[in-house]
Amino acid sequence: MSFERPNVEKMRGYTPGEQREGNDVIKLNTNENPYPASPAVAEALRALAVENLRHYPPPLADAFREAAASLNKVTPQNIIPTNGGDELLRLVITTFVDVNESILITKPSYSLYPVLASVQGCRLVEIPLQDDWTMPADFIASVANSGAKLCILVNPHAPTGTLLSDEYLTELAENFPGILVIDEAYVDFVDPDFGYDAVSLIDSFDNVLILRSLSKGYSLAGMRFGYGIGAEPLLHPMLYKTRDSYNTDTVSQRLATAALESIDYAEEIWAKIRASRSSLTAALNGLGLNTTASQTNFVLSQIPQSIGARDLYQALKDRNILVRYFDEERLRDKLRISIGKESEHAALLEAIRDIINA
Ligand SMILES: Cc1ncc(COP(=O)(O)O)c(C=O)c1O
């Protein structure tokens, strides 16, 4: 006999990318940062003693809220710290979306969204992106008239790496009567020349929630820390009603705060990753793997039929190089490759050349 709720019994869970440890593995499959977190984070870790764990952490991570507010030029009341960006997604859905209401997303997008909608038991509306991964021309009108309670857009987009402008998001926020979540898990890697900045939207719109993650930009995926930025009335029910009593722990609060306070280090790494992204994109295109220009720390490459995406994924894996294959409509002929170190790219490209020429 099953005790699961009917929606949980029917659903499939999230499939994470493979985690493998070891110096012989080139891991380009889960968009982790190839460089370590800042020395200030290492110092904060060293400064912790087991005695610091005897007490509960500050429930609202006050020091982190101050640091995140100062970085984003908002007030601490506009910040909600969470156990990874994923917790914010779960919180926003459980707080705002009733079972008879719907969540609207694009297809493809982050594969956790449909999983969380299934857990909640609410409806999910998926709007396909166009062939070149841009938004359909009538997307804003469709969202405005959808009756959806929540629209979640990942920007820059996963898994394609494309970026929507803040003007486009402003128009969407203006026209959508529900809550617009802008999932900026990869925003740190956007080329500054775009001048992209969606944070100012929270001043004008009380229905906009921005998601941030420390996993990628700050090299802290193993720690689990993220946060939301939004108008105070929007954050209030999540901060004071639905959040776990101590949703972020003492260790991660200290390290996350140190990471934001040493942003100069992170910025240098983002620039390095952007440069590696350009050269990898050019090299993959040069090998005949049509690769979309990306604003994230990964690229999505179309694999010619003669090679086959799944076969290439497997052949690379056999050589201890992990990339991501999605067994999903429109993605089965593609591979998502995280930006790694230059030496890892060289090994990847050499392996692809070998496999193609075999
Ligand atoms: C699009 C997107 N949003 C949110 C997250 C959540 O990140 P985390 O929970 O590690 O902060 C991820 C992680 O892969 C992601 O790809």
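**View 1. Helices H4 and H9 are roughly perpendicular to each other****.** In this predicted model, the angle between helix H4 (residues 85–96) and helix H9 (residues 232–242) is about 95 degrees, and angles of 65 to 115 degrees count as roughly perpendicular. The two axes lie 10 Å apart. H4 contributes Leu-91, Val-92, Thr-94 and Thr-95 to the contact, and H9 contributes Pro-237, Met-238 and Thr-242.

**View 2. An open sheet of 7 strands has mixed pairing****.** The strand order is E2-E8-E7-E6-E5-E3-E4. Strand E2 (79–82) and strand E4 (123–128) are the edge strands, each pairing on one side only. From one strand to the next, the twist averages 20 degrees.

**View 3. Strands E2 and E8 pair in the antiparallel sense, and helices pack on the sheet****.** The pairing of E2 with strand E8 (residues 226–230) extends over 4 bridges. Pro-81 stands opposite Tyr-227 in E8. Helix H3 (residues 62–72) packs on the sheet and touches E2 and E8. The direction of H3 makes about 125 degrees with that of E2. H4 also packs on the sheet, where it touches E2, strand E3 (102–107), strand E5 (150–154), E6, E7 and E8. Between the directions of H4 and E7 the angle is about 155 degrees.

**View 4. The buried residues of helix H7 line one face of the helix****.** In H7 (residues 166–175), the buried residues are Leu-169, Leu-172 and Ala-173. Seen down the axis of H7, these buried residues fall within an arc of 100 degrees, so they line one face.

**View 5. Strand E12 is largely enclosed by the rest of the structure****.** In E12 (residues 334–338), 5 of the 5 residues are buried, so the strand is largely enclosed. Lys-334, Arg-336 and Ser-338 point one way from E12, whereas Leu-335 and Ile-337 point the other way. Residues on both sides of E12 are buried, including the charged Lys-334 and Arg-336. Strand E10 (residues 298–302) runs antiparallel to E12 and is joined to it by 5 bridges. Gln-302 stands opposite Lys-334 in E12.

Methods: Residues numbered from 1 in each chain as written. Predicted model: local features only at pLDDT ≥ 70, side-chain atom pairs only at ≥ 80, totals over all residues. Axes fitted to C-alpha atoms, helices over the stretch in contact; angles between N-to-C directions. Helix = DSSP H or I, 4+ residues; strand = E, 2+ residues; numbered from the N terminus. Parallel < 35°, antiparallel > 145°, perpendicular 65-115°, else oblique. Contact = placed C-beta atoms within 7 Å. Buried ≥ 20, exposed ≤ 12 C-beta atoms within 10 Å, placed from the backbone. Arc of directions from axis to C-beta. Pairing = 2+ DSSP bridges.
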